[in-house]
2 protein chains.
Amino acid sequence: MHGSELRVAYQGVPGAYSEAAAGKAYPNCEAIPCDQFEVAFQAVELWIADRAVLPVENSLGGSIHRNYDLLLRHRLHIVGEVQLPVHHCLLALPGVRKEYLTRVISHAQALSQCENTITKLGLNVTREAVDDTAGAAEYVAANNLRDTAAIASARAAELYGLNILVDGIQDDSSNVTRFVTLAREPIIPRTDRPFKTSIVFAHEKGTSVLFKVLSAFAFRNISLTKIESRPHRNRPIRLVDDANVGTAKHFEYIFYVDFEASMADVRAQNALAEVQEFTSFLRVLGSYPMDMTPWCPSRGD
Amino acid sequence: MHGSELRVAYQGVPGAYSEAAAGKAYPNCEAIPCDQFEVAFQAVELWIADRAVLPVENSLGGSIHRNYDLLLRHRLHIVGEVQLPVHHCLLALPGVRKEYLTRVISHAQALSQCENTITKLGLNVTREAVDDTAGAAEYVAANNLRDTAAIASARAAELYGLNILVDGIQDDSSNVTRFVTLAREPIIPRTDRPFKTSIVFAHEKGTSVLFKVLSAFAFRNISLTKIESRPHRNRPIRLVDDANVGTAKHFEYIFYVDFEASMADVRAQNALAEVQEFTSFLRVLGSYPMDMTPWCPSRGD
């Protein structure tokens, strides 16, 4: 199942960064474009796809709370992670020069990540948001627009027959997005290679709960790679856990923690048993092999 | 100094949410529009303004890491916080009906926060990103555009003479942005009202440092209102602290913590002394009165 037969749903069109993440996680997979993140979840739930890739955090933008909400509202399991350096290029039709441009189109987030560079390049352009980066490249090519550039990946240039006018136009070069891969069934955690486990928990009140939870990991020498509190005052959230399907719960805070241990590890099992004692809601989003790719931003700072 | 004489720099043009945050923090202040966040910092540093307001997190988008970077690179102090419900409206010239629209313009983030609602309204429009929400409203009015709507605040409609076509078009009604207010000098922390203190810390390695830091607060019954880890692998960051001005440091992780105590409180002083023992970098961003406004999303979920 690891490779050519696998169908992997992603948000966007061919050439999207999510497609690249799918290809990094599952080489030679059949990547299936979806127009929304929710559709990618549904594709897996309805057996149209075997996996979905979902961006969950970016080094500049932070955690994408909306996509964590999707993880909580659906029943899919995290089965892997992929870290992908984001390297934006300015793309235009062959023969088009910077001076011809009156408009730059891309995903809203990409436009804002290239804001200063576009100004510094002296481009006198309007910026227009479209659904995704690769979709912008496709649009320029399909409509033969000679006054419009797209911000997208080098791969999108290749796919849609565009030239790379400027290579690497993001304002901050250390731009990395972390994706998780999702499946209907959890994978069987192993202990013969580095695993990571992602959990979400919440408690109704009590200030020292977080401390108790962290002690469950610290006393067992389990490292945390992510911890994040998220205020949830008065905001009901539709959670899906094993005991309560689709009930709306109120929490003052919810917490996201990733720790470096496999659920096959007795230390992790004991730690979670302890965490459950202290919290009123606990869900294991998944236990999965760590992405061990060295961290390599597209260029030095 | 609390009120009419104060000059408060914000990013955007009149009618921006940041201007509303400035007005909530300092009623009757003179709000000074700046075209970039960095310019708002400089305005305070160069005595052009007395305060700056800076959005640091949003309930849907999460923490804005780029603005935390600005806090670390500059020497300003957090002197207050403001929580502002974000309530987007669809604005157009008087007499313009939804059917006339071919284009919606706004800040990239606002466009993406209203994506589904725009689709559900049956609007057949292109979306175009501009620098800020209120700037979009100003542009529609100044150019007398009858085919273009702006997504901005009700206050922007009023300022630029536009009508509210649809009131509240954000996809998720629980959309709240937290701003901090900044000054050249820290305020003298007090203990006669609830204060919050924001710190940033980092350590070169060691898995139990976070746990030790949290124990410094837990054992003193100090509640945390925010904790967030941020991976910084191989990414140098220009930090300004009292000992090292502008040196670039490497950390594997940096942590943001907000705790509910004033630095005038002996418990907070003792906790920080302990935190300093365990960390290689520690900076107090500010100790400031908490925004005690009840959390009120623009409408129920």
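Chain B and chain A bury about 4200 Å² between them, and 49% of that area lies on carbon and sulfur atoms. Welcome to this predicted model!

**Where the chains meet**

- The contact draws on 49 residues from chain B and 49 residues from chain A.
- Between chain B and chain A there are zero salt bridges by the rule used.
- Six residue pairs, both members at pLDDT 80 or more, are in polar contact across the interface of chain B and chain A.
- Several elements of chain B supply at least two residues each to the side that touches chain A, among them the helices α3 (65–73), α4 (108–113), α5 (115–120) and α8 (209–218). Strands on that list include β4 (62–63), β8 (126–130), β13 (224–231) and β16 (253–259) of chain B.
- The biggest giver to this side of chain B is β13(B), with seven residues.
- Sorted by class, the side of chain B that touches chain A holds 17 nonpolar, 20 polar and 12 charged residues.

**The five-stranded sheet of chain B**

- In chain B, five strands make an open sheet with mixed pairing, in the order β8-β7-β9-β6-β10.
- At its edges are β8 and β10 (163–167) of chain B, each pairing on one side only.
- From one strand to the next, the twist averages 30 degrees.
- Strand β6 (residues 89–92) of chain B runs antiparallel to β10(B), and four bridges join them. Within β10(B), Asn163(B) stands opposite Ala92(B).
- Packed on this sheet is helix α6 (residues 133–142) of chain B, which touches β6, β7 (103–107), β8 and β9 (148–152) of chain B. The direction of α6 in chain B makes about 150 degrees with that of β9(B).

**The five-stranded sheet of chain A**

- Chain A has an open sheet of five strands, ordered β8-β7-β9-β6-β10, and the pairing is mixed.
- Its edge strands are β8 (126–130) and β10 (163–167) of chain A, and each of them pairs on one side only.
- Here the twist averages 30 degrees from one strand to the next.
- Four bridges tie β6 (residues 89–92) of chain A to β10(A), and these strands run antiparallel.

Key. Residues are numbered from 1 along each chain as its sequence is written. Chains are lettered from A and ligands numbered from 1 in the order in which they are written. This is a predicted model: local features need pLDDT of at least 70, side-chain atom pairs count only at pLDDT 80 or more; totals for chains, interfaces and linings use all residues. Side-chain values use heavy atoms; hydrogens and water are left out. Contact means heavy atoms within 4.5 Å. Buried area is the accessible area (1.4 Å probe) that two parts lose on being put together, summed over both. A salt bridge is a side-chain nitrogen of Lys or Arg within 4 Å of a carboxyl oxygen of Asp or Glu. A polar contact is a pair of N or O atoms within 3.5 Å; within protein, one must be able to donate a hydrogen and the other to accept it, and residues adjacent in sequence count only if both atoms are side-chain atoms. Ala, Val, Leu, Ile, Met, Phe, Trp, Tyr, Cys and Pro count as nonpolar, Asp, Glu, Lys and Arg as charged, and the others, Gly among them, as polar. Two strands pair if DSSP finds at least two bridges between them. Axes are lines fitted to C-alpha atoms, for helices over the stretch in contact, and angles run from 0 to 180 degrees between N-to-C directions.
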